[in-house]
Amino acid sequence: IHRHSGKYPTVQRALSALALGIATTLLLTACGGGGDRIVRADPPPAAPPPPPPVVGPCQSSSADCILMPTADSSYQVLSGGRDTSGRLLVEGANARFETGTYSFASGAEILAGDLMVLAGANLASNTVVRSGSLRIFGSATGNVENFSTFRLDGGQLRGDLRNAGEGYLFTGTITGEVLNQGRFFANQDCYPYADECSPLASSRIDGNFTQTAEGSLWLTLGMP
């Protein structure tokens, strides 16, 4: 004899409600919780700024960079840096490096003309000045041999200097050895007129200074 007391449908309804509650809890947990809570991810970091554009001649990574004079003798402007396994040859050009690092693995040589390294640039090569001039307003990393004109004006030379021509340390620092076999002017921001000296001039050699019998040293006394 089967008797139905009416209590089993009540148990079934309770079990169904319990299952629904568990499913709802699991769904809210997977979504990050209930209520008004919203989980936001941090935004990705900003992309780095692009490198400065490469402007001017000598954009090969292996060929020699040969700078010849222009028809109107205007300055050839290079910016953005260079990195090449070749040489830099300045053959009568007036050129200036404006921004970036200029690395010539086979060295740099100035045969004629003028090379200016401005405040935003670095010449990262051993350099020989045969004729013409090398002027550093920014920085140079490497040894310099000068047989003509070398001028450091507010910049830095990180390397040794052999001066057999005329060397000018107007302002700035040489971090290396100096061998003077020519004429070397230190702290001469007023040369050749003493009444035009700048009180802000400051020059320094962080290294040994050696002078041969052929060399001469010119100093401005009383300057910082």
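Phe185 counts as buried, at 0% relative accessibility; buried means under 20% relative accessible area, exposed over 50%, and partly exposed in between, with a 1.4 Å probe and protein chains only. The model is predicted, so local features need pLDDT of at least 70 and side-chain atom pairs count only at pLDDT 80 or more, while totals for chains, interfaces and linings use all residues. Residues are numbered from 1 along each chain as its sequence is written, and side-chain values use heavy atoms, with hydrogens and water left out.

**Aromatic pairs**

The whole structure holds 5 aromatic pairs. Rings of Phe, Tyr and Trp (its six-membered ring) pair if their centres lie within 6.5 Å; planes under 30 degrees apart count as stacked, over 60 as edge-to-face and the rest as tilted. Two of these pairs are listed here.

| Pair | Centre distance | Plane angle | Class |
|---|---|---|---|
| Phe184 and Phe209 | 5.7 Å | 50° | tilted |
| Phe185 and Trp218 | 5.1 Å | 40° | tilted |

Phe184 lies in strand S14 (residues 183-186) and Phe209 in strand S16 (residues 209-211), so their pair ties together parts that are 25 residues apart in sequence. Phe184 is buried at 1% relative accessibility, whereas Phe209 is partly exposed at 31% relative accessible area.

Phe185 also lies in strand S14, and its partner Trp218 is in strand S17 (residues 216-219), so this pair links parts 33 residues apart in sequence. Trp218 is partly exposed, with a relative accessible area of 35%. Ring pairs also join Phe185 and Trp218 with Tyr168 and Phe170 in a cluster.

**Strand pairing**

The protein has 1 helix and 17 strands; helices (H or I, at least four residues) and strands (E, at least two) are DSSP runs, numbered from the N terminus. Two strands pair if DSSP finds at least two bridges between them.

Strand S10 (residues 149-158) pairs in the parallel sense with strand S7 (residues 133-136) over 4 bridges, and Ile136 has Leu152 as its bridge partner in S10. Strand S8 (residues 139-141) runs parallel to S10 and is joined to it by 3 bridges; Thr141 has Arg158 as its partner there. S10 is also joined by 9 bridges to strand S12 (residues 166-175), again running parallel, with Thr149 opposite Glu166.

**Whole protein**

Of the 224 residues, 32% count as buried. Among contacts (heavy atoms within 4.5 Å) with a separation of 6 or more, 23% come from residues 24 or more positions apart. The protein exposes about 13,100 Å², of which carbon and sulfur atoms supply 56%; accessible areas come from the Shrake-Rupley method with a 1.4 Å probe, and for residues only the protein chains shown count as cover.
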